[in-house]
Structures are given as structure tokens and as C-alpha cells.
Amino acid sequence: MTAVFLGIPTAATGVGHLRGDRSFPDAARDSLRDGQLRANLGHATATIRGKRAGVVGEVADWAELREAGRAIKAATMARLDEHLIVLEEQVTARGGTVHWARDADEANAIVTRLVQATGADEAVKVKSMATQEIGLNEALEAAGIAAHETDLAELIVQLGKDKPSHILVPAIHKNRAEIREIFLRTMPQFQGPGVDPGLTDDPRQLAMAARAHLRERFLRARVAISGANFAVAETGTLSVVESEGNGRMCLTLPQTLITVMGIEKVVPTWRDLEVFLQLLPRSSTGERMNPYTSLWAGVTPGDGPQEFHLVLLDNGRTAVLADEAGREALHCIRCSACLNVCPVYERAGGHAYGSVYPGPIGAVLSPQLTGSAGDKHDPNASLPYASSLCGACYDVCPVAIDIPSILVHLRAEHVEAQTRTTPEALAFRALSKAMSSPRLWRLAQRAAGLGRLLARGKPTLPAALPPPASKWTRTRDLPTPPRETFTQAWAREHGS
């Protein structure tokens, strides 16, 4: 008898870049030992935080604008199926073709087939989280098709055979000297005998080198591949916002344009798009408006690409939508503001998360897309614990995603899925019993006071307590118990 799966599928294992090969704690230990990495991240995130704070502070009704973004996203997700059908109808009516992809394998196969149909063996790409998520570059390479990243940071990552570590700035972990070395080693214009590179680590020189490297690729490319920041259902209009102009080149010069878009990126109307075009640039690049905002609908004879394909990607999103507590993660507009304020991300870096979506939003989105919350062997199962729950991510999110609450929800799922009693569960059972009995609680407080002997006058207990306490103290400071309890202090101060 053949088993039939009637549930909602999540992203498959072994395809794309939604999982690492190690848990977050294991990967983060290596990152924390890299002083240069931490310096690069600290400088970059502090700069972006400052720029964002300045331009957000200029908007008198920012709180109302943020609430409008949250409300639009919530209403859109409630009727997502209807909006997607309208989007398909409008794109088709304007000469485009819509393809539906259930997962990464289907999306990669569709795009590969479309590129091959043009006879091209290369394509230029606009920065796209969705194509990174599904591993499109690798799928195209396996089919003999070269995919050229044109975003400066994505280009750095690609030439350095690296992986993105940030949603907005994929090469945030690299400094200028490291970028110069990559360019000298990989760009054709700096190769060959007798070539005087004359390239310094000045940002302008590095940008000009990338421009020279990319220009010929723009001019000869017959196929371009993009993602989409938004899609307006009522008109079938796609939107890409960017800062360098490379996206504009990709979206206008080639004959064929293929856009891969997560189904959650749809907005119902033009008026809805207005809200997000105010929220996104301020929250991401710290700009009042993106230098390049490209909008297109279908094809226009004699102007721009003459063949347009839109690939609508699920890859676990429907499964996330089915979770009433976790679906809010789909509201994300990929601004990366939460990464730039997160103390865990700033110290561990994006690669420690294993997924193309790092930081706080990745800690809630990746486990849901992959259905990992209940699987203790899945590397993504540890991601909801990669947070101090300080709430800074919620405070800066332009669409008010309550990331801390989703983290707690996913942690609860992980705990409830355990089939064996863990040491942590035993510890909390004992604590619960002690806290439910005044006599036991007083005894526990007295016993805890003995910890002052181990501390020997220091504010924290030793970092190398014996197991199982060592699992806690190895990565956290355990404060030395106070000399008197709260009730003792109250009685002393108030005489009762």
C-alpha cells in the first residue's frame, strides 16, 4: 500500500540554502574566535543603525506608517490565495507568463528550462534572496549555464567562492582589503603578465573595478534573472528596489527576463505599495528613497525585455501560513533592520545561522520553511534559541513582526516534540516543585547561598562548574547569589 502525504510540504533537505550542516551553537563558536569578523560586523552594523535612526527620526508619523504596513501584511496573508490568482491574471493579460513552483527543485527546473529555451548559456542576475534560497546558481551551473551576480556585494561573495552573511549586505563580513584581494585574484582585467593592477582598497576604485568587470556582461546578456521586492496584484506590476543601478541594467537590456518571487511578496493595490516604498529604504539602507525603483508589468513591444516569466515560489511558505502563531514571519520585507540591532548576529555573524536568512528573522523563518522545530537532529532546530529575547528586533521592524514571541512559540514546539525527558525539563520540574512550596523555596534559597563560597567574592560563579551545570556556565555568566534574599531584605527594611 502506498502512503499518501496529505500535509503541507516544507522545503526539502539537500536543496538550496535554508540549512547549514551544523547547529548554530557549534557554528557560532568558530565565528566568535574570528576577531577580524567581529570587527567588520561591529563597524558595519553600527554605521547602518546610525543611518536608519536618523532618517526614521525625520518621519513624524513613523509609528502610524509602521502599523499600516503591519495591517496590510496581515490582511494580505488572510486572502493570499485570492491575491495570487489576481496577480497571475494581470501578469498574463500584459503578455507575461506565470509559473507555479511548489519547491526549490521545481523552481530550479523551470528557470533552467526557460534559459535553455533561449539558447543562452549565461544570465545576469539581480540580487535575489529567493534564488539564493533555492540554490539557483548551482542548478544553472549543473546545466552548463553561467549565472553572473551583478550586485556589488553578491559579486564579491561569488568571486570569493563565499556565502552571503547578511540580507542586505551579503559581503558585510569582508573589509576593503579583503575585497581588493578577491578582485585582484579573480577579475580578468587584472590577470596576465605585465599587468599593473594599480588597484587600492579605496571604495571608489573597488566600485570602478566592479563596473568595468560587469559592463560587458550587461551588454551581451540575452537573459536576466531577478527577484522581486513586491508585486501589485491589481495591475500585475513587479517592483525591484536597489541602490547601484545594476538591477535597472538587468531589468531593461536583456531580451528575456525571469523573476523568481516568494508568494508572500504580493500586495493587493498600488496604495499598499506606497506604504512599503516609504518603510523599506529607511529601514534597510538608511535612505529616504531608493536610488533605483524599477516597476514593470508584462512586456511592452520594442521597449525592454520582450519575454517575461514570473515564477511564484512556495518552498514551505504555505506551511508557515498554516501556523497561526508563526505566520507573521511571512510579513518580512527583507529590510535587515533586525540583523543590524541584534547582539547575537553582531557577534556570531550570518554564516553561523547556516541559512541564507540569518539573524532574528532567519531564526524564525528558516525553521518554519524547513519544518525543523520538532527535529532535534536538524541544524535549524537550534535557531530559535539563537536569541537573547531582548526585543530590539521587534522595536526596529518596519512591519512590527513580533519576532520574540515567535521565537518562544518555536522553542515550545521544539520542547513539546521531545520524546525523552531532558535534563532541562528535570531541572524545571524540580524548580516548579520548590516554588510551589514556601518551605521548599526557603530551603532552596539557603542552598543557593552556598554558591558564594564558589564565587570567592567575584560577581559571577566560575565558568567551569561540573556537569550538567557546565552546559550553562560555559556560554553564560551565572551571577553569584546575593547575601540576602528579597524577603529578607524586605523584612529588614520594613520591619516585618
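A residue is called buried under 20% relative accessible area, exposed over 50%, and partly exposed in between (1.4 Å probe, protein chains only). The model is predicted: local features need pLDDT of at least 70, side-chain atom pairs count only at pLDDT 80 or more, and totals for chains, interfaces and linings use all residues. Residues are numbered from 1 along each chain as its sequence is written, and side-chain values use heavy atoms, without hydrogens and water.

Phe-428 lies in helix α19. Phe-428 counts as exposed because its relative accessibility is 52%. Together with Leu-431, Met-435 and Trp-441, Phe-428 forms a nonpolar surface patch of about 420 Å² accessible area. Such patches take residues with over 30% relative accessible area and no salt bridge, nonpolar side chains being joined within 5 Å. A salt bridge places a side-chain nitrogen of Lys or Arg within 4 Å of a carboxyl oxygen of Asp or Glu. Helix α19 (residues 423-435) gives the most to the patch, with three residues.

The count of disulfides is zero, a disulfide being a pair of cysteine sulfur atoms within 2.5 Å. The closest cysteine sulfur to that of Cys-335 is in Cys-397, at 6.2 Å, so it is too far for a bond. For Cys-342 the closest is in Cys-390, at 6.5 Å, again too far. Cys-335 is buried, at 7% relative accessible area. Cys-342 is buried, at 8%.

Four strands form an open sheet with mixed pairing, in the order β8-β5-β6-β9. Strands β8 (266-267) and β9 (292-296) are its edges, each pairing on one side only. Pairing requires at least two DSSP bridges between strands. Strands β5 (residues 230-232) and β6 (residues 237-242) pair antiparallel over three bridges. Val-232 stands opposite Thr-237 in β6.

Notes: Patches are made of residues with over 30% relative accessible area and no salt bridge: like charges are joined within 9 Å, nonpolar side chains (Val, Leu, Ile, Met, Phe, Trp, Tyr) within 5 Å. Accessible areas come from the Shrake-Rupley method with a 1.4 Å probe; for residues, only the protein chains shown count as cover. Helices (H or I, at least four residues) and strands (E, at least two) are DSSP runs, numbered from the N terminus.
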